[in-house]
Amino acid sequence: MTELPLSGVTVLDFSQFLAGPVAALRLADLGARVIKIERPGSGDAGRQLAFAGRMIEGDSMSFHAMNRNKESIVADLKDPADLNRVRALVAAADVVVSNFRPGVMERLGLDYETVRRINPGIVYGSVSGYGDTGPFKDRPGQDLLAQSIAGLPWLNGSRDDPPMPVGLAVADHLASCHLAQGITALLVRRFRTGRGGHAQTSLLEALLDLEFELLTTRLNDPSIAVQRKGTRSAHAFLPAPYGIYPTSDGYLAIAMNPVPTIGRLLDLPEVAAMTDPQSWWDRQEEIEELLSERLSTRTRDEWLAVLDAEDVWCAPVLTLDELVAHDGFRAIAMTQELHRDGLELTTTRSPIRIDGERLTNSRPAPRLGEHDPVEPHSVEEIA
């Protein structure tokens, strides 16, 4: 690709850990120049947050994944000289990204209202844990904590399980998508009108947006109770057969399908006879147990062959090892190689394709302060 969509856009990334850095990474993948502003000595706290205990060349694996294709300078934002140097960078930048708790950037004099006086056309993106007001606003903005407040662990698992969080940083990840989308929208507006702006989101808002189906149903009909179902069910608001079932050698997911069709294909006459959709709710656990008993008699792939032949909505439940060894994983080509002074690291690429081309870049995460100039007074001097 000769020119990426955000080529020529300069982003100052003040954020750390995940939501802010990944939002900035999404902009970098689209062609923006992203410069991390990090504290002297330790830098982004995410450098030491070792995912699965794995470090490489002094930084965590997750830091390498979230901060590839960026530059790094160090600045003590409590030091007047360093702060003036950073403000000079702000004056020449297009975008600022931050993810501190409410009030932190104000105390540093780098909040949106102050920054736009320095650079009226700036696009400012900020992500917090729980917004700028309300009783949660000063709580730590961390993924598990945000999941818990949003009720996500209570929605996972079955009726008899304790709360079960999603085993991924889903709040951070979704918030990064929303923040990058808001920043990109404001850049479009600025290109049209010259006006900058402030895009804001939070981990809590990202999760509440994820729960839009459940919330819309519950808020419009208070009589509805959102309740987890039996051990096979995968959704509080969907009837049988929607769930995950054991086979003799693994697990199989079955989505929205007419129960009689599933009964016919599995040779279960009593299930095939359930033609009333209301019975798929009323007898949900009974149906799920009958399917479970039958599916456990043959292998996952044997059942997939039966169900796929009738275009039933189903899929194998793959382990991570099975996924990375699968032809489907190779076909989608979601990985790329990073290179730095003999270091070779495989990580994921942007999930976006532009004009039919995948967005890849072999540039690794920067060393702390790797792009510090001798006397940096402007973005142009950082090279």
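**A buried glutamate and its surroundings**

Author: E38 is found in strand 2, residues 33-38. Helices (H or I, at least four residues) and strands (E, at least two) are DSSP runs, numbered from the N terminus. This is a predicted model, in which local features need pLDDT of at least 70 and side-chain atom pairs count only at pLDDT 80 or more, while totals for chains, interfaces and linings use all residues. Residues are numbered from 1 along each chain as its sequence is written, and side-chain values use heavy atoms, with hydrogens and water left out.

Reader: Is E38 buried or exposed?

Author: E38 counts as buried, because its relative accessibility is 2%. Buried means under 20% relative accessible area, exposed over 50%, and partly exposed in between (1.4 Å probe, protein chains only).

Reader: What lies 2.7 Å from a polar atom of the E38 side chain?

Author: The backbone nitrogen of D44 lies at that distance. A polar contact is a pair of N or O atoms within 3.5 Å; within protein, one must be able to donate a hydrogen and the other to accept it, and residues adjacent in sequence count only if both atoms are side-chain atoms.

Reader: Which residues is E38 in contact with, leaving aside neighbours within four places in sequence?

Author: They are G43, D44, R47, F63, S72, I73, V74, A75 and L368. Contact means heavy atoms within 4.5 Å.

Reader: V74 is on that list. What reaches its backbone oxygen?

Author: The side chain of R85 does, at 2.7 Å. R85 is found in helix 3, residues 80-92, and is buried, with a relative accessible area of 15%.

Reader: Turning to helix 9, which of its residues are buried?

Author: In helix 9 (residues 203-210), the buried residues are L203, L204, A206 and L207. They lie on the same side of helix 9, because they cover an arc of only 160° around the axis; the arc is that of the directions from the helix axis to the C-beta atoms.

Reader: What covers them?

Author: The cover includes helix 1 (19-29), helix 8 (170-193) and strand 8 (197-202), among others.

Reader: And the whole chain: how many helices and strands?

Author: The protein chain has 17 helices and 15 strands. Of its 383 residues, 46% count as buried. The C-alpha trace spans about 80 × 50 × 40 Å along its principal axes.
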